Structures are given as C-alpha cells and as structure tokens.
Amino acid sequence: MLHNAQWKKSGAEVVRIVIILAFLVSSLVRLYVVNFAEYNCAPHDLGPSYGTENYESRYEGHLGYIWSIKMSGGLSQDDPRERTCFYNPPLFYALEAGVWNLAEELGVSDNQAHELLQWIPFLAVELALLVMILIMKEVGVGGYALALASILLLFHPEMTILSIIVNPDAMSLMFSVLSIYFMIRWYKAREGKMLWMVLDALAIGLGMMTKLTVALVAIPMAVFFLYELVNRCRREGKAGFLDLFKQYLVFLLISVPLGLYWSVRNFLKFRLSPTYVPLVTDDSIKILDENSSLLKRLNPLAGYYDISITWDTARQYNIWKHTLQTSLIDEYYLPWNMSLLRVMMYLAVFLSLVLTVFFIIGIFKKRDLSAPLRLFLAGLYLLYILYYVRFCFNFPHLCTMNYRYIPVTLLFAAIGLGWFSEEDKRAEEEGRRTRGSRIISMIALLGSGCGILLFSVGAVLLWFLAL
C-alpha cells in the first residue's frame, strides 16, 4: 500500500513537471511568433496604419478605435455605425490605447507601437490557458490525461493565432474561462462563497465590456444559480434563501452595470440595438446560393481533403471544415506548408470527432462530478455551438466561419479526453470491462494521445516554416 502511495505521488510529480514544461515551451513558441509576425499579418478589420496627420479623416477598424481613444482620452462620440469596429465594447481598446500612450512617452514610433499592441492578446492567451488547465483539474481531470489534455490546449495553433491578432478575441476568451472557473469554485466552496461570486461577476461584467458574446456564459449560469437557490431553500429554508439571495444580488449589482453600460449608452445616444452587428457588404466572400443549403453547410462528412488557402466561395462553404481550417492557419495570410497543413487538417478532424464523443460520454458517465455541474458544462458547450451555427447562417460569408469566434470550445474537447480516460481507468479497476470494450477504449485513447502529440509537434513546425 505504501509502495502504491509513493508511485501515485511520483506519478503526480511527473504530470506536474510535464505540464509546466509544456506551458513554458508553448509560451516560448507563441512569444517567438509574436516577435516575428507583424501586427497586421492577420488583419481582421484592423484598419490602415495611422499617424496624427490623417487621424481625423481615416480612423477606422481596430487600430482606428484604439487611436480614437488615445487621441481623445475618452470614448468616441461618433455613431458606432459610421466607423468600422466602433460598435464593439471599449475595454480592450482602452487598454491598448494605454499601451500606445506609454510607448509614445518612451519615444517609440507609431509603427513600433503597433507591434507592442500584440502584447495584450499574448498575455490574455497565457492567462486563459492557465485558467483552462485549472478548470480541468476542478472538473475531475487528473493524471496523465491532464497532461495530455493540457498539451492539446497549449500547443493548439488557435492559441498562437489569438496571440498575434490585435482585436478583442483573446481577452474575450480569457474572461469567458475566468467566469467558468470562478463559478465552479463558488459552487464547490464551503466557505468564502461571496468572494468567488464577486470575482465571477467581475469576469462577466468586464468580459461584456470586452465583447458581448461573453454574456453567453451567463445564460446556463443563471439556470445553474436558480437550481442552487431551489436546492438551498429545500434544505435550509428561509436562511438558505436569504444567504444565496444576497450573493446573487451582489452578482447583479456588479455584473449588470459593467456588462450593459455600453449597450445602454449606445441605445440611448444612437438608438443602436444591443445585438447590432454590421452587415458584410462584400459579395465576393458571400456563400453562393447553390451552396447555402443546410445539408451542404452542416454536412460533417464534407471534403476535408480539399484544402484551399484562397478565398473561394465555390469550395469554402461547409461550416465545420472551414472552421477547423481557420483554427490551424486563420485566414491564410502566411506562406503555409501545404503538405504539413493537410496532415494537420486530418489530425484536427480526427481529434475533434473523437474528443467530442469523449465529452458526450463523460456527461453521462462522470459520476464523481455533480450532475448540475456536468449539465452546466454540457449546456454551455451546446449553447456555444448553436450560437456559432446561427451566426454563420445569419451572416453567410467566408469571414464569419472562423474558429476565433469559439476558441473556448477547445476546453470542452480537452475535458472530454480527461473524463473518458478517468472513466476507462475506473471501469478497469472495478472489473466492469468486457474484452471488446477494453480494446475499443485502448484504441481510442492511444489514437487520441498519439494524435495530440503529433498535432502539437506539427503545430510548432507549421509556424516555424511559415515565418
């Protein structure tokens, strides 16, 4: 028994070391890419470069939004519909304006300051990755499965892509996972629940001040809170109700003013709908009518072998295929190695299918995690997918099918791997396995493990060959 305890302790140490090393190595890879990739290598409505002489007439896009706050020292008074990207909440842009001002104080030129704007997305991604690993631990992912799942997150190309894009996507991911983590800690805490509730409210509120889609987390969270309220009332009566009611009230008093300030301001000042998104007017990137059917756009067996690095609406119309491709190389701005890209695409398809199945199985099989928490995670994952599909159909253009809109779903894939691995181990220990199920599980786990390792190595090579 002592030998087993020592073995488990040494195994946990190995896992911890592997995760720390993977985090450091992956951070160095992202740092390398941030330093060598130009700030405008993946524009995404970035806008042109700016100088003081053309500020009044040309400020557009993300850079223009940052420049506007930098020059005025406050929010733009223009109608957000008149300037590209100015409908977005201002937190990210205000922080970047602060970076730009600091760079200017230090005598840095505008072009050099533009490169420094990548540091906030980079740091946001680093924090988001750390929080996602903590979330996996909180929901019962442990052992070597935790190390493998962490490697998938840390080396996934999308995390590097988010690090170099000067827009709110990285910070949106950061606040989304922070809100999930704080809610789980609140649920599991026996003491100090109010602290976690306050942190959760700040994450939601500040997240909505970064990008309104962070509010998606709040929808299943509200259902979860209601469930807890009913449960506490049954167990503790009025005392339980009042305790939770105070916590929920604090949550609302913090999150609602922060989260809704921008929407209310724009509605009162410009009669702008809180859900306003500008229409894409470029018909050259609109999905052709003959390819716009539900079957063609959602067919999971679409031709993943047909990889194109050009914007071709005749070939790029399937949501799943195009989304997976952008998770590897974004929107094709660098000279990618096509042979390696094809291998990476096949691995991405395999892993996305297998790990999604693992997550679904885990929802029903992960008995050592409370049912409400499993249902919260399942509901949140489903909500992200449904929202994204609806978004792609409402705006049927190539630019809307991009993994940067749903990078948080990678967390659920990683959790699925951990849950399946833990359940497989438990079933083996309890003697609940048939020979056939043992073989299937072994193939699935070995296949996904090897796939993740190959995928991670390929991701690093993909960037080093492209830059």
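Predicted model: local features only at pLDDT ≥ 70, side-chain atom pairs only at ≥ 80, totals over all residues.
Helices here are DSSP runs of H or I with at least four residues, strands are runs of E with at least two, and both are numbered from the N terminus. Residues are numbered from 1 along each chain as its sequence is written, and side-chain values use heavy atoms, with hydrogens and water left out.

Back to N88. This residue is buried at 10% relative accessibility, where buried means under 20% relative accessible area, exposed means over 50%, and partly exposed is in between (1.4 Å probe, protein chains only). If contact means heavy atoms within 4.5 Å, then N88 is in contact with H62, Y65, Y93 and W262, leaving aside its neighbours within four places in sequence. N88 also sits 7.5 Å from T210, C-alpha to C-alpha, although 122 residues separate the two in sequence.

Now the overall picture. The protein comes to 18 helices and zero strands. Buried residues make up 53% of its 467 residues. Take the contacts between residues at least 6 apart in sequence, and 73% of them join residues at least 24 apart.

On to the interior. A nonpolar core is a set of buried Ala, Val, Leu, Ile, Met, Phe, Trp, Tyr and Cys residues joined through side-chain atoms within 4.5 Å. The largest one has 142 residues, and I135, M136, W186, F225, F376 and W419 have the most contacts inside it. Helix α9 (residues 169-188) gives the most to this core, with 14 residues.

M136 is in helix α6 (residues 119-138) and is buried, with a relative accessible area of 0%. Beyond residues up to four places away in sequence, M136 touches V141, L146, A149, S150, L153, L411, A414 and I415. One of these, L146, is 10 residues along the chain from M136, with 7.3 Å between their C-alpha atoms.

S163 is found in helix α8 (residues 157-164) and is buried, with a relative accessible area of 0%. Apart from neighbours within four places in sequence, S163 is in contact with R30, V34, Q118, P121, F122 and V125.

Helices α14 (319-329), α15 (338-365), α16 (371-394) and α17 (409-429) each supply at least two lining residues, and α15 gives the most, with 12. By type, the lining divides into 25 nonpolar, six polar and no charged residues; here Ala, Val, Leu, Ile, Met, Phe, Trp, Tyr, Cys and Pro count as nonpolar, Asp, Glu, Lys and Arg as charged, and the others, Gly among them, as polar.

How many disulfides are there? The count comes to zero, under a rule that asks for a pair of cysteine sulfur atoms within 2.5 Å. C392 shows why: its sulfur is 9.8 Å from the closest cysteine sulfur, in C399, too far for a bond. C392 is buried at 0% relative accessibility, whereas C450 is partly exposed at 44%.

Finally, some backbone angles to check in the loops. D45 has a positive phi of about 65 degrees although it is not a glycine, and D45 is found in the loop between α1 (2-36) and α2 (55-58). R271, also a residue other than glycine, has a positive phi near 55 degrees. R271 is in the loop between α12 (238-270) and α13 (294-298) and counts as exposed at 55% relative accessibility.
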